[in-house]
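Visitor: I'm new here and would like to learn how to read a structure, one feature at a time. Could you walk me through it?

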Amino acid sequence: MAARSVTKREGSRDTDHCDIPYYVSEFVEREVGNDYDSLKKLDSLIEKLSESKKQLEEQVLTVSSEVPKRIQNALKNAEDSKKSLNGLLEEETLLSEAISSHLERAEPWMEDLGVLISQVEEIERHLSYLKWISRIEELSDNIQQYLMTNNVPEAASTLASMAELDVKLQESSCSHLLSFVRSTVKFWHKILKDKLSSDFEEVLTQLRWPFVGPPQSQAFGLAAPANASDVSNNLEMLFCQLLKLQTSDELLTKPKQLPEKYALPPSPPIILPIQIMLNPLQKRFRYHFTGNKPTNVLSKPEWYLTQVLMWIGNHAKFLDDKIQPILDRAGSPVNAGLEFSRALVMLILEKLAADIPFLLYDDTLFCHLVDEVLLFERELYSVHGYLSSLPSCMHILSEESCFQRWLTVEKKFALQKMDSMLSSEAAWVSQYKDISDVDEMKVPDCAETFMTLLLVITDRYKNLPTASRKLQFLGLQKELVDDFRIRLTQVMKEESRDSLGFRYCAILNAVNYIATVLADWADNVFFLQLQQAELEVCAESDAVSQLQLGQLASMESSVFDEMINLLERLKHDMLSRQVYHVFKEVTDAAKLYKKERWLSLPSQAEQAVMSLSSTACPMLLTLRDRLLQLEQQLCHSLFKIFWQMLAEKVDTYIYQEIIMANHFNEGGAAQLQFDMSRNLFPLFSHYCKRPENYFKHIKEACIILNLNIGSALLLKEVLQSASENEAALQPNQPSAAAALNELGVYKLAQQDVEILLNLRASWPNTGK
């Protein structure tokens with residue numbers, strides 16, 4: 001059978017190589033096999049194979065006869081294609097010759113036709129030129145007729161159509177036509193504008209425009225109730241007619257522009273009727289606040305700023321009630337109040353651009369100007385609804401030389417303020433010290449004043465028009481925070497000898513307060529927007545690593561992270577110094593307690609009442625006094641960190657230096673547990689519900705030392721057997737951890753528990 005199986009495997013391998021003998025042997029093996037009865041099937045098998053052979057021979061004959069026919073057909077098709085291609089080539093040659101001949105004969109005609117086409121095109125241009133001239137003359141004649149019949153509205157509409165034609169022709173190269181259109185528009189625009197302006201000013205005079213008094217004293221121009229409706233109708237009619245002249249006015253009048261260095265946002269010209277309404281106010285402004293007038297004083301910017309605000313306020317109701325409905329009915333998108341304010345603000349911008357160069361190097365005057373401008377901007381936006389997308393005073397202050405001076409002055413005055421706040425007698429005293437609800441943070445006056453200073457700086461620059469300028473101010477704020485931190489560190493080092501003193505604690509409260517406020521600011525929308533802007537700047541300049549970019553983009557970090565980290569480090573160092581100082585006092589007071597004769601103390605049964613060990617009193621009194629002192633001086637969050645750090649150190653000290661360094665009889669163990677659970681732990685019960693959880697080493701050591709003899713022996717045996725099972729690799733045996741957990745021991749390791757059990761002095765003689 002083995003030989004047969006080998007033969008079978010070899011046969012299957014050789015079949016792949018078409019080895020006929022092996023193929024035949026495999027075929028016989030498959031059809032006959034070991035069953036000799038199957039030899040009866042040989043006849044049918046031979047017939048089947050013969051039939052198969054016959055079919056194969058027929059197929060071979062069929063294929064061998066068909067192949068030559070297919071080749072002959074393919075050759076015939078190729079011959080036919082070749083003949084067809086030759087025929088096409090001959091036709092192409094004939095056609096090409098015919099075309100060339102035709103082009104030669106037609107060339108003189110084409111030249112003549114090209115000349116005619118050029119002439120036709122020139123005539124068409126002339127005709128179009130004449131049509132434009134005719135159209136403009138027609139419109140001009142219409143305007144003249146309308147004016148002769150005193151039909152001013154139609155004349156204004158016709159001029160608007162002519163102005164639209166002027167706009168359409170702007171891209172034309174016909175300079176004379178353009179000049180003709182522009183001069184015609186200019187001619188009629190001046191006539192109509194003068195006439196309409198005169199009539200409009202007369203109506204405004206009837207309305208007692210402009211209103212220089214307070215709003216409540218205005219009659220809004222209606223001299224007598226009888227003609228009130230006529231005046232209103234005339235106002236609307238003339239206003240709409242002037243609106244029709246807006247396009248031609250924009251073509252002919254170039255508005256006054258401030259230099260590009262101020263980077264004012266693009267804005268459309270003031271609409272013509274509002275310009276006319278503003279004329280008397282602009283004259284008043286230029287009369288009082290330019291030249292040698294006594295009201296034009298560099299040290300009094302508030303005079304012209306306040307005047308403009310008064311004008312905006314005085315005219316707001318009239319513009320809303322009378323002018324805005326006219327604009328709405330005319331289909332104009334203009335807001336009357338904003339348009340009026342925008343025009344007056346442009347007066348302010350021109351005035352600032354002229355005055356600032358004379359103030360740049362006088363810190364007092366420049367700072368006063370900035371203060372007044374910021375107050376003006378605040379009222380302009382909050383009271384009068386001015387839009388941030390329009391030109392504003394902040395664009396003037398953002399000009400490079402002015403802005404750098406502003407930054408310098410801002411930093412100078414901030415540093416002076418910091419000097420004065422730190423040198424003040426009340427610098428380290430909280431102004432809310434007598435109000436417990438408000439004084440939760442116990443913030444010293446200097447820290448609160450400093451954060452108020454930073455908040456004021458933020459309010460001053462938050463309306464700057466560009467993110468880059470805001471980021472420069474943010475950089476200034478970071479510098480100030482770092483400078484204040486360094487100053488606090490210097491004062492802290494001076495006070496480091498008295499790390500539990502009032503001033504040291506006040507410095508610590510200040511550091512904590514600043515870090516907390518900065519962390520809150522980091523979630524403010526304004527600073528999140530600055531973070532996004534900073535991310536874009538950093539991405540463009542490759543100034544930071546990809547990791548930092550990722551943190552900024554994912555909002556994992558904030559713009560104040562670096563400052564907060566430095567302040568947190570300082571806070572931790574100061575707290576650690578305080579904990580070390582108190583801990584040293586506690587350990588000094590615990591020297592007698594450390595030497596207590598734990599091995600010879602009377603048992604609990606031998607004492608009528610358990611009392612605190614006399615040697616523990618100095619340690620606990622020191623601990624109590626310092627906790628009360630620092631609870632008074634530190635804010636809640638800092639004191640919580642302090643007592644938890646101190647509790648951890650005291651727990652470790654008592655466990656390692658007192659418990660692990662002594663042996664205990666039954667009375668000593670009971671006394672230790674009484675001292676800890678009834679005296680040490682309660683000192684911290686004012687600050688948490690379960691103070692023993694912060695002294696896990698002590699608590700669990702007391703559990704082990706105070707086990708009754710039976711439980712202790714059983715535990716010792718379980719621990720010993722657990723160690724042996726672990727050494728013998730028998731993991732299914734009861735674990736030591738489970739036994740300890742049943743007793744309430746989770747913190748201590750098995751080895752520590754074994755040591756504690758060996759510290760018990762009284763063990764019964766078990767014969768082992």
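Guide: Happy to. Let's start with a cavity: the largest cavity is lined by Leu-207, Val-231, Ser-232, Leu-235, Phe-318 and Lys-322. Two elements, α6 (228–244) and α9 (301–329), each give two or more residues to that lining. Keep in mind that this is a predicted model.

Visitor: Which element gives the largest share of the lining of the largest cavity?

Guide: That is α6, with three residues. The volume of the largest cavity is about 30 Å³, and a search of the whole structure finds one cavity of 30 Å³ or more.

Visitor: What about pockets: what volume does the largest pocket have?

Guide: A pocket is open, whereas a probe in a cavity cannot get out. Here the largest pocket has a volume of about 720 Å³. It is lined by 33 residues, and those closest to its centre are Pro-255, Lys-256, Pro-269, Ile-270 and Met-346. Elements giving two or more residues to this lining are α7 (246–252), α8 (272–289) and α10 (336–359), and α8 gives the most, with seven.

Visitor: Now charges. How many salt bridges does the structure hold?

Guide: Side chains of opposite charge can pair when their charged atoms come close. This structure holds 31 salt bridges. One of them joins the side chains of Arg-286 and Glu-350, at 3.7 Å from N to O. Arg-286 sits in helix α8 and Glu-350 in helix α10, so this pair ties together parts 64 residues apart in sequence.

Visitor: And are Glu-410 and Arg-460 buried or exposed?

Guide: Both are buried. Their side chains meet in a salt bridge of 2.9 Å, N to O. Since Glu-410 lies in helix α13 (residues 400–423) and Arg-460 in helix α14 (residues 445–461), the pair ties together parts that are 50 residues apart in sequence. Salt bridges can also share partners, and in that way Lys-256, Arg-286 and Glu-350 are joined into one network.

Visitor: How do I read which side of a helix is buried? Which residues of α26 are buried?

Guide: Look down the helix axis and see where the buried residues point. In helix α26 (residues 736–743), Ala-736, Ala-739 and Leu-740 are buried. Down the axis of α26, its buried residues fall within an arc of 95°, so they line one face of the helix.

Visitor: Last one: which residues make the nonpolar surface patch?

Guide: Ile-20, Tyr-23, Val-24 and Val-28 make a patch of about 390 Å². Val-24 belongs to helix α2 (residues 20–31) and is partly exposed, with a relative accessible area of 43%.

Definitions and conventions:
Residues numbered from 1 in each chain as written. Predicted model: local features only at pLDDT ≥ 70, side-chain atom pairs only at ≥ 80, totals over all residues. Heavy atoms only, no water. Patch = residues over 30% accessible without salt bridge, like charges linked within 9 Å, V, L, I, M, F, W, Y side chains within 5 Å. Areas by Shrake-Rupley, 256 points an atom, 1.4 Å probe, with all protein chains shown as cover. Salt bridge = Lys/Arg side-chain N within 4 Å of Asp/Glu carboxyl O. Helix = DSSP H or I, 4+ residues; strand = E, 2+ residues; numbered from the N terminus. Buried < 20%, exposed > 50% of the residue type's maximum accessible area, 1.4 Å probe, protein only. Arc of directions from axis to C-beta. 1 Å grid on protein atoms, 1.4 Å probe; cavity = no way out; pocket = protein on both sides within 12 Å on 5 of 7 lines; lining within 4 Å. Points joined across faces, edges and corners; volume = space filled by probe spheres on them.
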